Each structure stands twice: as C-alpha cells, then as structure tokens.
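Please consult the sequence and the structure shown below.

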Amino acid sequence: MRPRYIALAGPTASGKTAAALAIVQQHAVEIISVDSALVYRGMDIGTAKPSAAELAAVPHHLINIRDPLNAYSAAEFVQDAECLIADITARGKLPLLVGGTMLYFKALQDGLDDMPKADASLRAQIAADALENGWPAMHVELALVDPITALRLKPNDSQRISRALEVFKLTGLPLSHFQQLNIKKTIASHADKQTDSALISLEPGDRMWLHARIAQRFDAMLAAGFMDEMQTLRLRGDLHADLPSMRCVGYRQAWEALEGTSPMAELRDKCIFATRQLAKRQITWLRSMPQRHIVPCDEPGALQLVLIKVAEVLT
C-alpha cells in the first residue's frame, strides 16, 4: 500500500537536506519542512536553512512563513501539513516531510492533546508570581496540584512549569490527566495509522561522528556571519529572549552573549553543547518508533541506502 506521505527524520546535522535532495532526483515529490525554526524569516544561517539553490530545486513548504515576532504552534503545523499533503497528492506528487522537530511529527501522526489553549492574561500572572517568588517556589506550588508533572520537571524549568500551572488554573485538572488521555487515544488509533506514512530515520552508529558534524556546522555558521544575523534580529527592537524564535538552539545562546549575560568567549562551546543535547533528544524520540526504517547516516553509502529504503516503501 502506497503511503500517504514519506517522512525523513533525523537529529540535527545528520544530513537530512542532502538525503531529501537525493530523493528529489529520483521521485516526483514536494518537500514539507518539519522544523520549528525554518518557519521564521530572517533566521537563515543559525537554522541551517536550505540555500536559495536548494529551495529552487524542488517546491518547499512551511519555510519562511512567519516573522520571528509571531509564534508557530504544533496545532498550526498539523493543520497546514494536512492541507499541503492533500494538495500535493492531488497534483500527482508524493509529499516528503523532512525535519527534526519531533513534536510536529508526533502531533501529525498521533494527534494533539485535548488541552486548553494558552491564556495570555493568566500566563502573565504566573510570570509575575514567579518574578516575585522565584520558579522553584512555583515548582513547589505545582507539586501540590500536579505531583506527577512536577516530579519530571526541574525547579527552574520555567516554560513547562508555567504551562502546567496554567492548565490546572484553567481547568481544575492536572496536565498529567490530559497527557494520560492522549496516550490512551494514541494507543487506540495507532493501529489504524501504521500504513498512513513511512518514516525513514537517519541515525548515526557512532555518536562522535555526529558530534564532529555539529561542531563543524556551527563553525561554518560563525564564518558565514551568524552573529551578524543575530545582531540584526536583536537590533530590530521588537524581539526579546522569551519568544519561541529566540529560544531556538544557537539563537538563545547568541542573544545571551550579545546581551552580556553570558561570556562571548563561551558562546561556541555553549552552542555546540546545546545542539548535542538537542540531537540526543531527537535520537531518543526516534528510537521510540519501532516502525521506522533506519539508515545509518554515518555510513559512506548513506544516500544510496536512503534511496533504497524509499523504493522499498513505495513498492
């Protein structure tokens, strides 16, 4: 059975762009980006955005669709991706979803949590309370109403503590309640979606190979003018460090360095470390997907192996 779409996923710096372009040479596809950073305009170097030539080689979707001031949610991605998948299929082509934002892949495959939408005024009140009392105190407050969630969060995880408190204050139910409902919903519907898509996963056998690639890529970003790009964004005057766009790996560390809250001399090491941590989380997520088709991206013939996997899932 021909899949509705092919997903090409992998940790950062695993070679997803090169693999996607190899697929383009042999199959009639259009690419849908599955990347929470590539949606932002003006954030090109630090996100390793495909070059103008690469973007021109094949239709790309969901790249450069947001100003960095405006957030883009997983729910919006699912809505946009579903529309694009239907549109691309109607034109006789195969949707190729490429990226490393695993939350987007999961939301598209398993659906979204039935949780309340963000409430700006309540979130502002929680932030004000945290400013007065500190996030560790807010973590203690969360433990009283949602001990399951509090147990897995660090006391300084401001973003997740805030969201968990917000959900409880809006509904009177803990965040863990909604997550358990979603797990049950996922299990119930998972069997029906086994043939919905084919996931090709680029995974390194040697983690040091990936670490070297991450360091090399960040050095190339610095040489290409990443800090100039960051300074341009910062000097706009309407962006700030708490925006989702500025919390992207690399941009957060560069912002802190330019603000003087973190030593500029430590920027490279901090960015590389943060990128390694991101890659580790991405690999962990991929390994939880038993139906994936694994391609060892550190093998010399990785691109050819990707093409073989694509041919297999299309037959």
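**Helix α11 and the basis of the model**

Exposed denotes over 50% relative accessible area, buried under 20%, and partly exposed the range in between, with a 1.4 Å probe and protein chains only. Helices (H or I, at least four residues) and strands (E, at least two) are DSSP runs, numbered from the N terminus. The model is predicted: local features need pLDDT of at least 70 and side-chain atom pairs count only at pLDDT 80 or more, while totals for chains, interfaces and linings use all residues. Residues are numbered from 1 along each chain as its sequence is written, and side-chain values use heavy atoms, with hydrogens and water left out.

**Packing of α11**

- The buried residues of this helix are F226, M227, E229, M230 and L233.
- Viewed down the axis of α11, these buried residues fall within an arc of 155 degrees, so they line one face of the helix; the arc is that of the directions from the helix axis to the C-beta atoms.
- The cover over the buried residues of α11 includes α10, α12 and α13, where contact means heavy atoms within 4.5 Å.

**Helix α3**

- Helix α3 (residues 74-90) has 17 residues and reaches 24 Å from its first C-alpha to its last, close to the 24 Å expected at 1.5 Å a residue; the expected span is 1.5 Å times one less than the number of residues.
- A74, F77, V78, A81, L84, I85 and I88 are buried in α3.
- Those buried residues of α3 fall within an arc of 140 degrees seen down its axis, so they line one face of the helix.
- Q79, C83 and A90 are exposed on the face of α3 turned away from its buried side.
- Packing partners of the buried residues of α3 are β1 (5-9), β2 (29-34), β3 (60-61), β4 (94-99) and α4.
- G92, which follows α3, has a positive phi near 80 degrees.

**Nonpolar cores**

- A nonpolar core is a set of buried Ala, Val, Leu, Ile, Met, Phe, Trp, Tyr and Cys residues joined through side-chain atoms within 4.5 Å.
- The largest such core has 51 residues, and those with the most contacts inside it are F77, L97, F105, L108, M246 and Y251.
- Two or more residues of this core come from each of β1, β2, α3, α4, α10 (207-224), α11, α12 and α13.
- A second, separate core of 24 residues includes L21, A198, A302 and V313.
- Apart from its neighbours within four places in sequence, L97 is in contact with Y5, I6, A7, L8, I32, V34, I85, F105 and L108.
- In soluble globular proteins, nonpolar side chains tend to be buried together.

**Aromatic pairs**

- Rings of Phe, Tyr and Trp (its six-membered ring) pair if their centres lie within 6.5 Å; planes under 30 degrees apart count as stacked, over 60 as edge-to-face and the rest as tilted.
- The count by this rule is five aromatic pairs.
- F105 and W285 form a stacked pair, at 6.3 Å centre to centre and with 25 degrees between the planes.
- F105 lies in helix α4 (residues 102-110) and W285 in helix α13 (residues 267-287), so this pair ties together parts that are 180 residues apart in sequence.
- F105 is buried at 6% relative accessibility, and W285 is buried at 17%.
- The ring centres of F226 and Y251 are 5.2 Å apart with the planes at 90 degrees, so the pair is edge-to-face.
- F226 is in helix α11 (residues 226-234) and Y251 in helix α12 (residues 251-259), so the pair ties together parts that are 25 residues apart in sequence.
- F226 is buried at 1% relative accessibility, and Y251 is buried at 0%.
- Y72, F77 and Y104 form one aromatic cluster.

**Cysteines**

- The structure holds zero disulfides, a disulfide being a pair of cysteine sulfur atoms within 2.5 Å.
- The sulfur of C248 has its closest cysteine sulfur in C271, 12 Å away and too far for a bond.
- C248 is buried, with a relative accessible area of 11%, and C271 is buried at 1%.

- A13 is buried, with a relative accessible area of 7%.
- N64, in the loop between β3 and α3, is not a glycine and has a positive phi of about 60 degrees.
- N64 is partly exposed, with a relative accessible area of 31%.
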